[in-house]
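Have the model open while you read.

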Amino acid sequence: MSKEITTTNQNNFIMGIENKEIPMDELDGFNLSFDKIKIPAGGTTAFEVPGDDPENPDVVKELKVVIVDQYPINAYYKDAYDGTESAPDCFSCDGHIGVNMEGESISCESCPNNKYGTAIDGIGKACKNMRRLYILRSGDTFPMLLTLPATSISPFGKYLQRIVAKGLRPCDVITKIALKKAESKGGITYAQATFVMDEILPPEVKEKVRKYAAEMKNTTRVVQAEEYSKENTEDTELPF
């Protein structure tokens with residue numbers, strides 16, 4: 001059974017939220033970017049979190065965060081990954097409507113590339129389904145971006161159902177995110193994200209976080225095609 005958040009953690013999150021009262025006009029003309037937390041390939045069960053040294057990220061086994069925003073995204077590449085970064089041939093900012101290189105809008109639901117069996121290996125999807133999570137750590141001013149591969153979307157969906165069933169939003173609770181080793185039917189080892197509701201924010205903190213999350217969506221919902229490099233979509237579609 002979840003417990004009310006401790007005073008220490010409460011103060012840390014309040015401090016982070018209050019720090020959001022920063023002069024955003026100073027960033028006028030710049031695209032606000034978010035540090036990206038990486039799920040390593042090969043089944044490694046620790047996150048790579050940006051730290052003071054960009055070349056040497058911190059290795060973290062567990063994240064305790066507030067999820068301030070989350071939504072689906074898709075990216076399709078016509079050719080196999082060749083080690084270089086490039087924009088996708090088609091991408092979707094919301095997991096519903098994709099836009100190809102010609103600027104045409106395509107329904108993701110009816111798109112043949114979003115069907116199992118269309119991948120180069122003949123098993124998975126040609127289009128990579130992912131989910132973006134903007135997660136706020138205790139005391140931070142801005143959230144970090146964690147992009148879930150297809151193999152972690154189902155566990156996250158089940159977690160969301162448990163949260164919503166309690167009449168809560170993801171930003172109303174402290175979520176513990178960890179990684180566990182898993183294996184596909186094809187014998188490929190990968191890391192799958194796990195989610196546990198740790199603590200419920202008290203009403204006064206919940207109100208501040210909800211307001212902050214609503215304001216932050218003005219930035220987190222802006223997605224550029226260039227962000228979907230092939231490197232970032234590797235190993236995101238493993239068949240079960």
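What follows goes through salt bridges, then surface patches, then a helix and a strand.

This is a predicted model, where local features need pLDDT of at least 70, side-chain atom pairs count only at pLDDT 80 or more, and totals for chains, interfaces and linings use all residues. Residues are numbered from 1 along each chain as its sequence is written, and side-chain values use heavy atoms, with hydrogens and water left out.

**Salt bridges**

The structure holds 4 salt bridges, each being a side-chain nitrogen of Lys or Arg within 4 Å of a carboxyl oxygen of Asp or Glu. Among them are these:

| Pair | N to O distance |
|---|---|
| Lys64 and Asp198 | 3.3 Å |
| Asp69 and Arg221 | 2.7 Å |
| Arg210 and Asp172 | 2.7 Å |

Lys64 sits in strand β5 (residues 62-76) and Asp198 in strand β12 (residues 189-200), so their bridge ties together parts 134 residues apart in sequence. Helices (H or I, at least four residues) and strands (E, at least two) are DSSP runs, numbered from the N terminus.

How do the partners differ in cover? Buried means under 20% relative accessible area, exposed over 50%, and partly exposed in between (1.4 Å probe, protein chains only). Lys64 is partly exposed at 39%, while Asp198 is buried at 10%. Asp69 is buried at 3%, and Arg221 is partly exposed at 41%. Arg210 comes out partly exposed at 35%, whereas Asp172 is buried at 0%.

**Surface patches**

Now for charges without a bridge. Patches take residues with over 30% relative accessible area and no salt bridge, joining like charges within 9 Å and nonpolar side chains (Val, Leu, Ile, Met, Phe, Trp, Tyr) within 5 Å. Lys158, Arg162, Lys166 and Lys180 make up a positive patch. Of these, Arg162 is part of helix α2 (residues 150-165) and is partly exposed at 45%.

**A helix and a strand**

Helix α3 (residues 203-220) runs for 18 residues and spans 24 Å from first C-alpha to last, close to the 26 Å expected at 1.5 Å a residue, that expectation being 1.5 Å times one less than the number of residues. Its buried residues are Val205, Val209, Tyr212, Ala213, Met216 and Thr220. An α-helix has 3.6 residues a turn, so residues three or four places apart point the same way.

Lastly, look at Val49 in strand β3 (residues 47-49). Val49 is buried at 1% relative accessibility, and its C-alpha lies 4.9 Å from that of Ile37, 12 residues away in sequence.

Notes:
Areas by Shrake-Rupley, 256 points an atom, 1.4 Å probe, with all protein chains shown as cover. Lys, Arg positive; Asp, Glu negative; His and termini not counted. Charge placed at Lys NZ, Arg CZ, Asp CG, Glu CD.
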